[in-house]
Structure formats: structure tokens, C-alpha cells
Amino acid sequence: MSDEAKSLNFIEHIIEEDLKNGLDKKALRFRFPPEPNGYLHIGHTKAIGISFGLGEKYNAPVNLRFDDTNPAKEEQEYVDAIKRDIAWLGYQWANELYSSDYFQQLYEWAVALIKEGKAYVDSQSSEAMAEQKGTPTQPGVEGPYRNRTVAENLELFERMKAGEFPEGTHVLRAKIDMQHPNMLMRDPIMYRILKKAHHRTGTNWCIYPMYDWTHGESDYIEQISHSLCSLEFKPHRELYNWFKEQVHKYAKDTLPMLPKQREFARLNLSYTIMSKRKLLKLVEEGIVSGWDDPRMPTISGLRRRGYTPNAIKQFIEKVGVAKRDNVIDVSLLEFCIREDLNKTAPRVMAVLDPVKLVITNYPEDKEEWLDAENNQEDAAAGFRKVPFSRELYIEKDDFKEEASSKYFRLKLGGEVRLKNAYIIKAHKVLKDANGNISEIQATYSTDTEKKVKGTLHWVSIKHAVKAEVRQYDRLFLDEAPDSHADKDFMSFINPNSLQVVNAFVEPSLLDAKIGDRFQFQRLGYFNVDDSSTQAHLVFNKTVGLRDTWAKQTSKTEAKPTDKTLNQPSTKLAIDKIKSFGKKYDKLKPEERSQVRSEIRELAKHVAYTDLEPLFNTSVKKSGTRIITMITLGVLLENGLEKNEPITAFITKALEDKNALLVAEANLLI
């Protein structure tokens with residue numbers, strides 16, 4: 001078996017099997033079919049990545065088709081936003097299509113079904129139809145209009161189309177089986193009356209096809225080979241096939257291929273909601289500033305916050321394609337953007353909570369322009385000049401009058417290095433009438449080779465540029481805000497999800513353009529907001545700097561090009577991971593999220609031979625088994641082939657009672 005075959009996901013296996021069984025590779029065709037009733041969110045990126053990824057893998061066309069069958073909720077604004085988001089992610093569609101393109105064809109096929117006695121007009125109330133439909137354990141019963149004559153049904157349906165009836169008076173239903181074990185097969189509705197203008201067809205139609213009738217037939221018209229959708233549509237597959245087989249009789253000469261529907265697990269993210277209806281509520285009630293608010297999980301919001309297409313694609317790749325639903329920790333998404341920006345974002349200096357620092361032995365009229373490295377991860381990034389003077393701003397949190405020996409920032413009598421500049425020693429503070437420190441006084445040394453433990457960022461007051469900085473936290477305080485039957489998801493809104501501060505940044509940022517991304521040294525990653533101007537700079541916090549193994553272990557400062565000095569030994573890495581085992585499943589969600597990211601980083605330096613002994617950990621030690629599963633996931637992502645012990649370990653975990661362990665194991669199947 002080749003390396004490529006080993007890495008196939010289950011959808012690719014299905015496609016490969018179809019090709020072996022005679023499907024012409026030239027007949028492969030995929031589609032991404034969003035409904036234009038809201039903005040795309042992070043959950044959609046998985047479906048986008050799967051469909052367009054298959055298109056790239058098999059050199060097959062991918063259609064962008066808008067399933068626009070509900071004029072009450074759909075708008076051109078959403079169409080434009082969806083196209084913009086997919087293009088920003090870097091994908092190109094073969095054809096831009098709309099289900100509304102097929103309204104006439106769908107209508108004609110519906111008439112054909114009526115003539116065959118396989119569809120009828122029902123004139124009951126929605127409540128009556130729902131009651132007759134039964135329950136999953138109780139069969140439905142036939143309604144009083146089910147056996148109308150073909151002639152009567154044709155007349156009523158034509159009059160529905162002509163606009164003679166008000167909304168809610170009639171529907172067209174497929175005539176299948178009211179006692180079918182699958183409730184979706186109990187005479188599903190095909191058309192309803194909606195007297196609303198459509199964003200593309202205007203008032204040409206006042207009857208609109210339902211999703212189940214439209215979706216599969218649109219796939220069929222476009223000759224989609226594999227119709228890929230999320231797991232909630234698995235019960236719909238039987239109806240998808242029934243409709244498809246009916247219309248195939250009418251069009252098999254011109255449309256020979258019958259699409260196959262296959263389902264994958266949708267992407268669920270912790271501390272996030274994925275319902276467009278609920279996201280719209282956040283917008284409408286002013287909880288956020290719009291669909292592109294940087295706290296929103298929409299692609300537009302992530303873009304505005306500073307996320308990159310590459311980071312989102314890496315995230316989707318790490319999540320993988322699974323058959324079972326699971327919840328992905330949002331820290332994995334944050335890990336991916338940190339990894340990407342660490343390589344690409346220029347380093348700059350900004351002070352968000354300033355206190356004045358005066359270097360008393362530095363000449364008052366002197367200023368210097370010092371060399372500062374733009375990105376130690378990128379040798380080609382070069383250097384820039386930053387101004388230095390007698391009076392600086394530093395962060396208030398970077399100074400204490402008195403502190404223990406373990407405090408490596410500035411304190412009275414203590415020494416620190418100013419990034420890219422000199423070593424200073426604090427000797428005095430000035431305070432205001434309320435006892436707050438208003439000024440720190442220090443002296444500097446020209447001996448820059450001296451070893452000190454702390455390094456601070458700073459900004460020259462004389463050259464400082466004012467900027468508005470928007471610091472974002474998670475929008476919800478609960479890990480699963482919309483999973484509580486007794487509480488509304490809005491009750492979990494984080495009141496501190498946005499904090500706006502007036503900061504000072506180095507003057508090089510005056511040239512920053514909207515969308516530019518930076519690392520504010522020692523603070524995190526930030527980007528220039530859409531509302532920013534040169535007269536009023538605005539930055540959004542994308543994500544904070546991650547804590548790495550280096551914070552728990554001493555290390556020698558390495559040159560940027562010497563990556564080996566920044567890597568832990570295999571033994572150090574596995575020992576550090578094992579130390580998390582005792583407490584992992586007892587941590588608070590936010591702490592667990594941070595630790596999980598650290599484990600995944602450490603796992604890059606773990607050998608399988610050191611990990612396999614942990615497979616036999618006692619069932620009682622659930623924390624150790626969880627951290628082992630997280631580590632194994634990274635090894636598998638990096639090319640480790642599954643063997644018998646790995647498969648047995650994952651299988652056993654899937655049967656465990658610990659939800660965290662089961663969730664991690666689900667990611668590996």
C-alpha cells in the first residue's frame with residue numbers, strides 16, 4: 001500500500017472504490033451548496049475544504065451552488081459575502097450556479113410526479129399534517145386529501161403557481177408511505193406558497209420548492225458525482241434517492257449519472273455557536289457590531305480579527321474527516337493561527353497600559369534610531385529602525401517596587417534589558433496624590449553584553465503613535481452555550497469579550513495597511529482593523545502568545561537559525577506530557593484548553609516507542625489516557641501509521657465512560 005493510500009479519508013476511499021468499479025475519472029464533479037441566509041462560519045470551512053480539496057486532488061470541477069429556495073430569509077448581501085469568503089480562502093469554483101436556475105425544471109418534474117400519482121395537493125393546516133405524520137415509534141395516517149384525482153391535483157397546483165391562494169392554504173406533497181419507518185418518507189412537502197419576492201427571480205414565482213426536493217435534483221441536473229453533506233442529512237439520504245430515482249426516468253437520456261450522497265461529521269467548536277439563526281440574533285440585538293465582528297465565528301469575522309486562510313486550512317486538515325460528530329477545542333484553532341503568524345508576522349513594539357520611564361543619565365536632547373529585527377523566524381525579513389530617547393513608556397505590569405527573586409521584570413534595584421536597546425536599573429519612583437506610580441526613574445548602561453534575565457518592550461514617548469487596541473476574549477463563557485435545554489444561549493454571553501484600550505505603538509506602524517498582521521512583542525498577535533486610518537490607528541487582537549515548554553525549563557538563547565536549540569529532547573517532552581496526566585481531566589475548561597495546546601506542541605518531539613507503553617495505563621487513570629490520546633493524534637498527523645496496538649487503544653477508549661477521552665479518540669477514527 002502506498003503512502004498516499006494510507007492517508008485516504010473515508011470519502012476518498014469511496015471515490016477510489018467508485019473509480020475502480022468503472023466510474024470515469026472525468027465524470028467526477030463536486031459542489032459546495034450554501035443557503036444564502038447568513039454569512040459563512042468556521043463550521044462551513046470544513047465542508048468547503050472537503051469539496052474543494054477533492055476538486056484539487058482529482059482535478060475535478062467544483063460548483064458553487066446557492067440553494068436559494070426561501071426568499072423570506074435569503075438576500076444578495078449573503079450571496080456576495082459567501083463568494084468573497086470562499087475566494088479569500090483561496091478556492092476557485094468552476095461554475096456559479098443557483099437552485100433558482102432550476103425552478104422551471106423542478107416545476108415540470110413535479111407536474112410529472114402528479115400525473116404518475118406520486119404527488120398530491122394537501123389543503124390541511126400544518127398542525128393537522130404534523131399530527132397525522134405520527135412519531136418515530138408510531139406510524140402516520142393518511143390525510144383526507146391524499147387520494148385526490150390527478151386532474152384535481154394538477155388544477156390546484158397550477159392555481160397555486162398562478163397565485164390564486166394565500167400562503168398556508170395548500171402544499172404539494174410527495175405520495176410515498178405514511179407508515180414508513182423513516183418519518184422523512186411520510187409524504188414530505190415538495191412545494192409551499194410564499195408570496196415574497198426572490199432576490200434573483202423577483203415575483204416570477206409564488207410557490208417555492210422545499211430543500212429536500214430541490215437539493216438532490218439540483219445535484220442531478222449538474223451531474224454531481226458525489227453529494228457531500230454533514231451527518232444531520234443522513235436520514236435524508238433515503239428521500240434524496242427516492243426523488244432522484246423518480247426524475248431519472250424522465251431525464252436519463254440527457255442526465256445519465258445518479259449522484260451519491262455521503263455524510264461526514266460537521267465541525268463543532270467549543271465556546272462557539274454554529275447556528276446562523278442564533279448568529280443573526282447576536283447581530284440583530286447589537287451584542288456584536290455585525291456579521292464581521294471579530295468575536296464572531298464567521299469567516300468574515302475571523303478575517304477581520306487577523307486569521308489567515310492558511311491557518312484555517314491547517315485547522316481543517318488537523319480536524320480531519322470523520323464519520324462521528326465531535327466537539328473540537330477552540331484552542332486548536334488558536335494554535336494554528338499562532339503557528340502561522342509566528343512564521344510570517346513582523347515583530348513590533350506596543351505598550352497597552354503605559355507608565356512613564358525616565359532614564360536619568362541619558363541626555364535630554366539625545367535620540368537614537370536602533371536596529372530591530374523584524375522576525376527572527378524569517379531570515380529574509382530584515383531589520384527596521386526604532387527610535388530611542390530619554391523618556392519611554394513601558395507596561396505597568398512590567399514593574400514592581402518590591403518583588404521576589406523569581407520576578408524577572410523591572411523592580412527597584414533590579415536590572416532588565418530593553419528590547420533592541422540597553423540594560424537599565426531602576427532606582428526611584430514618583431507617585432501621584434492617590435499613591436499610584438506616575439514615573440519610574442532608572443539609569444542605563446552601555447554594556448549591552450551583560451547577562452540579565454528579563455527583557456522588556458518599550459516605546460519612545462517622543463515618537464510614540466497613539467492607537468486604539470481592541471482586545472477580544474471568547475464571546476461565550478460556557479464551553480457549549482447552546483446545549484442547555486433550560487437556559488438560553490444568550491445567558492452565557494461574556495460581558496468582557498471586548499476591551500478597548502488607548503495604547504502607544506512605535507512609529508513604523510504609521511505605514512501599516514488595513515489587514516496587516518503583527519506580533520506586538522510579549523503581548524500577542526494583532527492586525528489592522530478595517531476601520532483604521534493613518535490619523536486613527538485601530539488594531540484587533542488576534543490571539544495571545546502561546547506558553548511553550550520553554551517557560552517551564554531553562555534554556556540558552558538560540559540564534560534564530562539554530563532551531564535545534566529551541567526543541568526539547570524526546571525524554572523531556574514525554575516527561576512533561578506525562579506530568580499533565582494526573583490533573584488534565586480535573587482542570588477548568590479554559591485551563592484545559594491551554595494545556596492541550598502545550599501537549600500538542602510537545603508531542604512534535606515525542607517518539608512512538610516512548611508513547612506506546614502508556615497505552616496500557618489503568619482505566620482509573622483517565623487523565624493519563626487522555627494526554628496519551630492527544631499525543632498520539634499529533635504523531636498520526638505527522639505520518640505515523642496505525643498498527644494493532646494503536647487501533648486497540650483507540651477502540652477501547654471509544655467505549656470508555658470518560659467524555660473527554662471519547663472525544664479525543666473520536667478525532668482519530
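**Aromatic pairs and local features**

A search of the whole structure finds 26 aromatic pairs (rings of Phe, Tyr and Trp, the last by its six-membered ring, with centres within 6.5 Å; planes under 30 degrees apart count as stacked, over 60 as edge-to-face, the rest as tilted). The rings of Phe-388 and Trp-458 are edge-to-face, because their planes stand at 90°, with centres 5.2 Å apart. This pair joins distant parts of the chain, 70 residues apart: Phe-388 lies in strand 16 and Trp-458 in the loop between strands 23 and 24 (strands are DSSP runs of E, at least two residues; helices are runs of H or I, at least four; both are numbered from the N terminus). Both Phe-388 and Trp-458 are buried (under 20% relative accessible area; exposed is over 50%, partly exposed in between; 1.4 Å probe, protein chains only). Tyr-393 and Phe-504 are stacked, since their ring centres are 4.4 Å apart and their planes meet at 25°. Tyr-393 sits in strand 17 and Phe-504 in strand 26, 111 residues apart.

The model is predicted: local features need pLDDT of at least 70, side-chain atom pairs count only at pLDDT 80 or more, and totals for chains, interfaces and linings use all residues. Residues are numbered from 1 along each chain as its sequence is written, and side-chain values use heavy atoms, without hydrogens and water.

One aromatic cluster comprises Phe-103, Tyr-107, Phe-157, Tyr-191, Trp-205 and Tyr-208. Buried residues of helix 5 include Phe-103, Tyr-107 and Trp-109. Gly-117 follows helix 5 and has a positive phi, near 80°.

Leu-430 belongs to strand 21. Its C-alpha lies 6.4 Å from that of Ile-440, 10 residues away in sequence.
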